[in-house]
Amino acid sequence: MARQRWASRTVFLLAAVGSAVGLGNVWRFPYLAGKYGGGAFLVPYLIALVLIGVPLLMLEFAVGQKMQRGAIGSFRKLHPNFGSLGLFALMSAFIIVSYYAVVMGWSLIYFLASFGVKWSSDAKSYFFDSVLQISDGVNVLGGINWPILWSLVVVWVLIYFCVWKGTTSVGKVVVYSVPLPIILLGVLLLRAVTLPGFFNGWKLYLTPVWSALVDPEVWTAAFSQIFFTLSLGFGIMVTYASYKNSEDDIAKDTWLTALINSAISLFAGFVVFGILGYMAGVTNSPLAELAASGPGLAFVVFPEALSLMPLPWLFSLLFFVMLLSLGIDSAFSLVEALNATILDKQQQGNVAKVSIGVCLGGFIAGIIYTTRAGLYILDIVDHFVTNYNLMLVAIFQSILVGWLYGAEKLRRYMNQVSDWTVGKWWNFSIKYLIPMALVALLATQFSKDIRTPYEGYPAWALGIGWAIVFLPLLIFLSLLVTDKTLINGRTD
Ligand code: PHE
């Protein structure tokens with residue numbers, strides 16, 4: 001069976017940008033910037049982008065495009081034992097999509113609630129008590145929260161119809177779903193700059209607190225944000241690139257994807273901080289606190305800000321349509337990564353059937369987050385997957401390409417096909433810089449998690465978090481070493 005193809009280069013770029021641009025850009029990036037030194041946060045962020053993000057994205061694009069397979073098949077072609085690294089990446093993808101879809105489910109509920117701006121009297125209590133109906137702690141599951149479960153069903157149906165014809169349906173969707181949230185961000189920016197106080201928000205966003213740069217936590221936050229935002233370490237970018245022709249450009253596509261993605265993050269920062277600046281003035285609350293409100297930013301602080309402006313329902317609708325359209329391309333990119341690998345293995349693969357299986361699996365795995373303890377579980381799982389699994393996959397990926405396959409070999413391939421030349425610096429980054437920086441990062445995070453239990457959760461709950469790291473790691477390592485080809489050498 002012929003491999004699926006993108007309709008054009010633009011469609012590929014839209015799909016890659018769509019995966020990269022997500023909640024991470026409008027919610028995670030601004031709150032990290034607020035928390036870690038405002039304008040100064042841009043320093044570690046941009047360093048991480050150029051030294052690690054771009055080289056790794058290039059690696060993933062090059063591997064997928066050259067090998068013409070999903071994550072498992074591509075890594076196996078790099079080295080016969082390393083198919084299991086693809087499996088490791090896909091396990092992370094599956095875990096993430098199962099909760100990412102739940103966050104989209106919350107957005108859907110807020111979208112419907114926008115018509116009456118239902119949170120206007122007390123945004124915090126609306127989120128925790130009305131929407132989540134949150135239990136007292138992670139040990140009280142408290143049964144299923146049905147509205148969230150139903151919205152999760154809707155989200156999965158939407159995801160299904162984006163991927164059910166593979167690159168053909170994805171190609172049709174991204175033409176709308178990628179520009180739409182960017183246009184909506186633009187509308188919200190216009191709204192922000194016509195509100196009093198927006199400039200105070202911008203000042204906080206852009207004024208660098210240089211002292212933040214001596215804090216290692218700021219650096220870890222910047223590096224892991226780059227990973228998350230570029231969708232690295234999930235096998236997604238490998239998969240998307242495998243639907244290109246093997247003579248297509250790589251270097252330019254990488255830079256375009258990475259720069260557009262970061263530009264949207266910076267842009268989103270102006271929107272978020274502008275609106276928070278307005279809100280701080282109206283409610284007389286300290287701006288810095290609002291900005292650093294963390295995960296609650298999208299579902300508590302921002303809805304409250306929207307309820308304070310003229311025509312609150314309209315801007316709330318726009319905001320939540322934006323969140324949904326932002327999230328959907330990221331969510332289905334994870335499904336695509338899983339689909340591709342399954343389809344690689346089947347002679348007569350049927351995309352629609354495989355998609356049903358994957359979507360159903362993702363939905364079932366997500367049910368746990370629709371319980372009343374869902375937010376706690378989500379928080380724990382997210383912490384471990386993003387801080388450990390992704391980093392581990394990336395470290396092994398760079399060792400695999402840098403040391404076993406040969407960075408120079410892959411670089412030569414990139415230069416044969418690319419419009420822009422990739423210099424020798426790339427080999428250095430893949431072989432030395434990335435593994436060393438990521439090991440350091442991992443060690444810092446590990447020692448922190450050992451010293452202080454994350455968010456004070458009970459040991460058994462954090463144990464589940466550790467299991468999410470170590471089980472996939474052990475599966476990967478045991479498959480890696482038990483494969484006889486390791487002893488017999490490579491077979492191409
Ligand atoms: N890149 C997405 C974002 O910034 C997050 C994501 C990562 C989504 C991996 C899917 C897969 O929101």
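This is a predicted model: local features need pLDDT of at least 70, side-chain atom pairs count only at pLDDT 80 or more; totals for chains, interfaces and linings use all residues.
## Residues are numbered from 1 along each chain as its sequence is written, and side-chain values use heavy atoms, with hydrogens and water left out.

Let's start with the overall picture. The secondary structure comes to 21 helices and 0 strands, taken as DSSP runs numbered from the N terminus (helices are H or I, at least four residues; strands are E, at least two). The radius of gyration is 22 Å, close to the 23 Å that the globule rule gives for 492 residues, so the protein is as compact as a globular protein of that length. That radius is taken over C-alpha atoms, and the rule is 2.2 Å times the number of residues to the power 0.38. Along its principal axes, the C-alpha trace spans about 70 × 50 × 45 Å.

Now for the surface and the inside. The protein exposes about 18800 Å², with carbon and sulfur atoms supplying 69% of it; accessible areas come from the Shrake-Rupley method with a 1.4 Å probe, and for residues only the protein chains shown count as cover. Buried residues make up 60% of the 492, where buried means under 20% relative accessible area, exposed over 50%, and partly exposed in between (1.4 Å probe, protein chains only).

In soluble globular proteins, nonpolar side chains tend to be buried together. Here the largest nonpolar core has 189 residues, and Phe41 and Trp426 have the most contacts inside it. Such a core is a set of buried Ala, Val, Leu, Ile, Met, Phe, Trp, Tyr and Cys residues joined through side-chain atoms within 4.5 Å. Helix α18 (residues 374-417) gives the most to this core, with 23 residues. Beyond its neighbours within four places in sequence, Trp426 is in contact with residues including Pro55, Met58, Val401 and Met414.

Aromatic rings are next. The structure holds 46 aromatic pairs: rings of Phe, Tyr and Trp (its six-membered ring) pair if their centres lie within 6.5 Å, with planes under 30 degrees apart counted as stacked, over 60 as edge-to-face and the rest as tilted. Tyr110 and Trp119 have ring centres 5.3 Å apart and planes at 40 degrees, so their pair is tilted. Both Tyr110 and Trp119 are buried, and they belong to one aromatic cluster whose members also include Trp106, Tyr126 and Phe320.

Trp202 and Phe270 make an edge-to-face pair, 4.9 Å centre to centre with 75 degrees between the planes. This pair links distant parts of the chain, with Trp202 in helix α10 (residues 198-206) and Phe270 in helix α13 (residues 251-283), 68 residues apart. Trp202 counts as buried at 18% relative accessibility, while Phe270 is partly exposed at 23%.

Helix α13 also holds Ser265, which counts as buried at 0% relative accessibility. Not counting residues up to four places away in sequence, Ser265 touches Asn25, Phe29, Tyr45, Tyr205 and Thr229.

Arg28 lies over the face of Phe228, at 4.8 Å from the ring centre, and the charged end of Lys244 sits over the ring of Phe61, 5.9 Å from its centre. The criterion is NZ of Lys or CZ of Arg within 6 Å of the ring centre and within 35 degrees of the ring normal.

How values were computed: Contact means heavy atoms within 4.5 Å.
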